[in-house]
Structures are given as structure tokens and as C-alpha cells.
Amino acid sequence: MAPNSKTCTGAQFAAECKTAAQAAPFINASFKTYGITSAGEAAALISLMAFESGDFKFNTNHFPGRPGQGTRNMQMPPFNLEYAKSIPALKDGLAKAGTDVKKVLELLTSKGEYDFGSAAWFMKNKCKKEVRDGLKKGTTEAWKMYITECIGTTATEERQAGWEKAAKAMGVPGH
């Protein structure tokens, strides 16, 4: 699914890099925490995280370098703050961080469970039921709706290739 995630050797942002083997437990835990139960939803989330983080090589937006944008799905700062507020263990850290978007992001990227959990949190809390229901069926059209309507970006060929790889690896019917 994320062919360049086997190693962190030579990673430009080595301190942020995680291999697929390191990422998997956090991703699986996030699926349990946020109720991701279908292979289609899982494939959409994994393909998004792999794409946005360069196969898990970074968790902070370096290109173009938007302050406060990050976690493995490159979530925007307002969503990072909302996500962080949903995690009781971050209450004290958030009180210290205030509205500093970089400090909020540092809280979220400080632990794998938060860093890799943001994509599933976003799907559960920000995506319409119709999008999630479509992903449960595993269709490419549903994935395109997820990318355009929920994530709010363009369903490019490169993104779709990642979805197809993830869908096939996850056993999504028809892939």
C-alpha cells in the first residue's frame, strides 16, 4: 500500500518517519477507537495518510510549510485543535498551548496514537454518512466523494492509484 514505508533510512525528516510496521498498530487502534469497520473505509484512510505523509515519512507540513498543519493526514490547524480537544489526556497540554497552532500540532504528533488517529477521527466526525456508506461498499466513486466532499481536495490519478493499491491490499470487493 505504501511501497516506500519499509524503511526510514535516508528519510529527509527522519525524526518524523515511521515504517509501515511501526504505523500499523496505531492505525489499527484508531480504527477501533473511531469505529472504522469496513475495508473500504480503512483503505481510504490508509491511502490518504500514505499520500499526505509521503508513505509515513513526515507528519508536519513541509511543502509548502503551513504552520500547524500536520498529523499523518495533514490535517489543517482548526481541525487539529478540535481533534486535540477531543482527547482527554491532552487537556493540560492544550491549556499550555493555547491557540498556538504549532504547539497544538506538537501535542498531536508527540504520540503515534494521536498522530495516526487523526484521519479516523476526521472521518468519523467530519464526513457525511452517505460518504461513509459509499466507502463501505468500496466503490471508486465513493472514494472520489470522500476525497472531494469530505477531504476537500482533488481526486488525482496519483491519489487514485494509492486508493486502488490500498483497496486491493485490504480485500475491498472489486479491486
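The largest nonpolar core of this predicted model comprises 43 residues, a nonpolar core being a set of buried Ala, Val, Leu, Ile, Met, Phe, Trp, Tyr and Cys residues joined through side-chain atoms within 4.5 Å. Buried denotes under 20% relative accessible area, exposed over 50%, and partly exposed in between (1.4 Å probe, protein chains only). Residues are numbered from 1 along each chain as its sequence is written. In this predicted model, local features need pLDDT of at least 70 and side-chain atom pairs count only at pLDDT 80 or more, while totals for chains, interfaces and linings use all residues; side-chain values use heavy atoms, without hydrogens and water.

**Nonpolar core**
- The residues with the most contacts inside the core are I27, F31, L45, F56, M123, L135 and Y146.
- Helix α2 (residues 39-52) gives the most to this core, with eight residues; helices are DSSP runs (H or I, at least four residues), numbered from the N terminus.
- Beyond its neighbours within four places in sequence, I27 is in contact (heavy atoms within 4.5 Å) with I46, M49, F56 and F116.

**Residue D55**
- D55 lies in the loop between α2 and α3 (77-85).
- D55 is buried yet has no salt bridge, defined as a side-chain nitrogen of Lys or Arg within 4 Å of a carboxyl oxygen of Asp or Glu.
- The nearest side chain of opposite charge to D55 is K57, 6.4 Å away.

**Residue K126**
- K126 belongs to helix α7 (residues 118-126) and counts as partly exposed because its relative accessibility is 32%.
- Leaving aside neighbours within four places in sequence, K126 is in contact with F79, E82, W121 and C150.

Key
Helices (H or I, at least four residues) and strands (E, at least two) are DSSP runs, numbered from the N terminus. Lys and Arg count as positive and Asp and Glu as negative; His and the chain ends are not counted.
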